[in-house]
Amino acid sequence: MLSIQENQPVEFSAALLEQFGEIVARYPENQQKSALLPILHLVQAEYGWLSTDSMDKVAAYLHIQAIEVYEVATFYTMYFLKPQGKYMLEVCRTGPCCLVGAEKIMQHIENRLGVKEGEITADGLFSWRGVECMAACGYGPVLQIGPEYTFYENLTEKSVDELIDTLRDKAKQQA
Amino acid sequence: MAEEVVKFKVTIDGIPVEVEPGTTILNAARQIGGDIVPPAMCYYSKLEGTGGKCRTCLVKVSKGSEKDPRPMPKLVASCRTTVMDGMEVQNITSPDVVEARKGVVEMLLINHPLDCPVCDQAGECKLQDLGYEHGDEGTRYEFERRTFERIDIGDKIQLHMNRCILCYRCVFVANQLTDEREHGVLNRGDHSEISTFIHKALNHDFVGNVIDVCPVGALTDKTFRFKNRVWFTKPVDAHRDCPTCAGKVTLWYKGDEVLRVTGRKDEYGEVEEFICNTCRFETKHTSDWTLEEPTPVDHESVIGANHYLNFNPPSVIHEDKKLQLANEEQLARTERLK
Amino acid sequence: MGRKLLLEHINEPGIQTFDVYRQKGGYRAVEKALKSMSPDDVVEEVKKSGLRGRGGAGFPTGMKWSFLAKPEGVPRYLVCNGDESEPGTFKDRYLMTHIPHALIEGMIVSSYALGANTSYIYVRGEMMPQIRILERAIAETKAAGLLGKNILGTGYDLEIYVQPGGGAYICGEETALLESLEGKRGNPRIKPPFPAVAGLYGCPTVVNNVESIASVVPIINDGGEEYAKIGIERSTGTKLISAGGNVKNPGVYEIELGVPVEEFIYSDEYCGGIANGKRLKALVAGGSSVPILPANLISKTINGDARLMTYESLADGGFQTGTMMGSGGFIVFDEDQCIVRNTWNFTRFYHHESCGQCSPCREGTGWMEKVLYKIEHGQGSIADIDLLWDIQRKIEGNTICPLGDAAAWPVAAAIRHFRDEFEWHVLHPEESQSRNYGLAHYADPIKPVAQ
């Protein structure tokens, strides 16, 4: 995953543009705007978040106005409009998960990472937030990590600790 | 021989009217006029696709049509529901409608700043009218009101997002009157806001019309900002030969000075013709315009209340030289505008 | 054991793959429909089956199909609603994860019935793994000649694409879903026109839930009449129930409609009873938006009849004493759960998910959340409970889409059945912060009401 600073210009790679093209081909002529949500997911997977410049370039690619991209990117909760930790832990905070202890899990994550909801750890590796129902109520508490939205279910404090350690090791190896 | 035009008969609050098929309940009511016309905060007949959002125009359909007389199960948005032949509608005669509308007014006001004393829209604000005519006294809301970060959208238009009721009219203006929309609705739910996202001045030729269509003080004329209360200004219809628009406007005078220029509005507060930015912002001298006549003003309105159309000096003035002197200017203007 | 139509082969190793699915008799419905039935025949079978939309509204699927406008020269679309987000519901995730070909097969047969040559499966963006699974399944099916141009030499062409959402519950509302699929904000459209006339790209469109579409497969294989033999009255066939909350065995169960609720909760075949030996306090039977029921209205209706897992029996008593089948999100609350806290939680959900288009929902959901937060945290007053009741009443029925109702109903039902728990929070502000109200009298038998 590349990372970009705020408002630094981006240039989509040939591979990314090829994927854009495949998506646009799914829709009838002149309906290329339909590709907006899937393309924003690809851009976010590439850069970790959606900078203004990246959204402007998506608008240009789809021949739509920049505001149309901003409107969509700010409506849907999966799109990040500022940089996040390398691993964003999204914990379900809705009723059924709370019946089986999601609130405790969130508290534990906050203690363990030492950052509040929405903040990034000093090493840039983690951020976390509560999200609304992830449609996995029978396996709660649950959390997911983008960009592939890998899923972790039946969480316990112990399994969360192990997950954080594993991710930290993984990041070390990649570095 | 002219072909016979099929018309639908619809009854609103017991008053029958015949309208063309495809007419909405709201527009049928407007054809009748008067108190039975539902209020509309988001619908704007000159902008395609508006309506349905504010829910102030909800009415009860007590009979669907001649063919299918069943009532509709829920209250419907009269601005987006078309009439059927034989339809019967209840607006102010339905306690359900009055109650629901009261609820909508309360909802619209819970986060509205109520900063009317410093709002340029006060006096011609549709939310003030709505609250006065359809709302309840007081509010049951006890929490802090929602606020937004201020953003600058240029030197012509002032955006006060805190006052916005999200009618989306200004978005339709940009879509339908300009070739590039630079503002829109961002975020969602009660965090939704009108914004440009990045700092940007709105300066398309026709974008100034967002001011006229805004039912509240969210989008106001920056060149008129804090210049005067609208009820102290005197509207006069005028026109000019404009290469961009029809050039038919209302000039708002204070003394001899044109404080602001707007489109001409009808009794429902909708402009008759959209005007260009040049007419609105750049031509503010009487010499730019051919004056027509004082804009007809509803007697009940705050502008009317300021004795504009006919300055009716209390009889005591006629007998008192001192008072005549004190009101000299006002009397002179009344003479001038007669 | 009840009959399994959707999950019959769920435990077969490799059922995720085309080959195993095909070996187990998969894609017979495609062969049968495309080779020996006309599109109208397929619609007719679905009508006969009595299948009702499994997404929550329960509208008869065959009837919905028959409303589809068919103007000359205009494409028609089938869009599958895989935006599963209703708290308590996770059956579509299960189906798409474990037996994706059931959905693809249903999509082919349904698209054929509706005359669609391009169909989309809109899956919520968070289900990226399921999106990958479906994309793989589509590729396999295409490679086998069951999808693409001239399927099985019948001359019928069909492409299926998977579309990810971006994180918005509201996109489960069919017109918001279509807006989203067109690359816009998920603002529900103002109806009419209905999608059957002007849907995706302004063309006639049918939007169906994942489970509804998958159910078309057994209907075509065995015939609509056979399908209708399962179940009771107008609740025909089998239904996936997502069981969660405080049950011993949470998970997705396929039931024959008509199973008694009591059996579903306590039998080892299904939920296996309440977890940790606790007692049942309350039930949300069909996803967070349906009215919550106290323990004494769960097993039996107000008239003393056994309550069954059918659309009719769950709704018995109306909102006064009944609830709804909804999407089959079965959330069980044990005696240690706080109804006020849960109501606040659900309301926070609806507040968060309101699109913000119409005023009662945009403003009202946030207002209810604030009042509930106050009560839950021991700062409420009795007047606040009445205020809540009034706010929900002003939202219900007055909004553009059903999200307003969905936000209002749980609040109304919680106050209707658990008002004393709300009052206890108000009258015992400190105690309510340190312990729960508990089961109280909620499981006591209901006294017969004098006529």
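The legends below describe close-up views of a predicted model. Local features need pLDDT of at least 70 and side-chain atom pairs count only at pLDDT 80 or more, while totals for chains, interfaces and linings use all residues. Residues are numbered from 1 along each chain as its sequence is written, and chains are lettered from A and ligands numbered from 1 in the order in which they are written.

**View 1. Fold of chain A.** Chain A has seven helices and four strands (DSSP runs numbered from the N terminus: helices are H or I with at least four residues, strands are E with at least two). Their order along the sequence is α-α-α-α-β-α-α-β-β-β-α. The C-alpha trace of chain A spans about 50 × 35 × 25 Å along its principal axes. Chain A has 175 residues, of which 42% count as buried (20 or more other C-beta atoms within 10 Å of the residue's own, with C-beta atoms placed from the backbone). Among the contacts in chain A with a separation of 6 or more, 61% join residues 24 or more positions apart (a contact has C-beta atoms, placed from the backbone, within 7 Å).

**View 2. Chain A against chain B.** Seven residues of chain A and eleven residues of chain B form this contact. Helix H4 (residues 66-75) of chain A supplies five residues, the largest share of the chain A side. That side has three nonpolar, three polar and one charged residues (nonpolar: Ala, Val, Leu, Ile, Met, Phe, Trp, Tyr, Cys and Pro; charged: Asp, Glu, Lys and Arg; polar: the others, Gly among them).

**View 3. Chain A against chain C.** Here 34 residues come from chain A and 46 residues from chain C. On the chain A side, helix H2 (36-47), H4 and helix H5 (95-99) each give two or more residues. By class, the chain A side holds 20 nonpolar, nine polar and five charged residues.

**View 4. Five-stranded sheet of chain C.** This open sheet has mixed pairing and the strand order S9-S8-S12-S10-S11 (two strands pair if DSSP finds at least two bridges between them). Strand S9 (251-256) and strand S11 (293-294) of chain C are at the edges with a single partner strand each, so one side of each has no neighbour in the sheet. Strand S8 (residues 238-245) and strand S12 (residues 329-334) of chain C are parallel, paired over four bridges. C:Ser242 has C:Gly329 in S12(C) as its bridge partner.

**View 5. Domains of chain C.** Chain C is divided into domain 1 (18-229), domain 2 (235-334) and domain 3 (339-434), with bounds from an automatic or database domain assignment. Ten residues of domain 1 and nine residues of domain 3 make up the contact between these two domains of chain C. The domain 1 side comprises seven nonpolar, two polar and one charged residues.

Terms used. A residue is buried if 20 or more other C-beta atoms lie within 10 Å of its own, exposed if 12 or fewer, and partly exposed in between; C-beta atoms are placed from the backbone.
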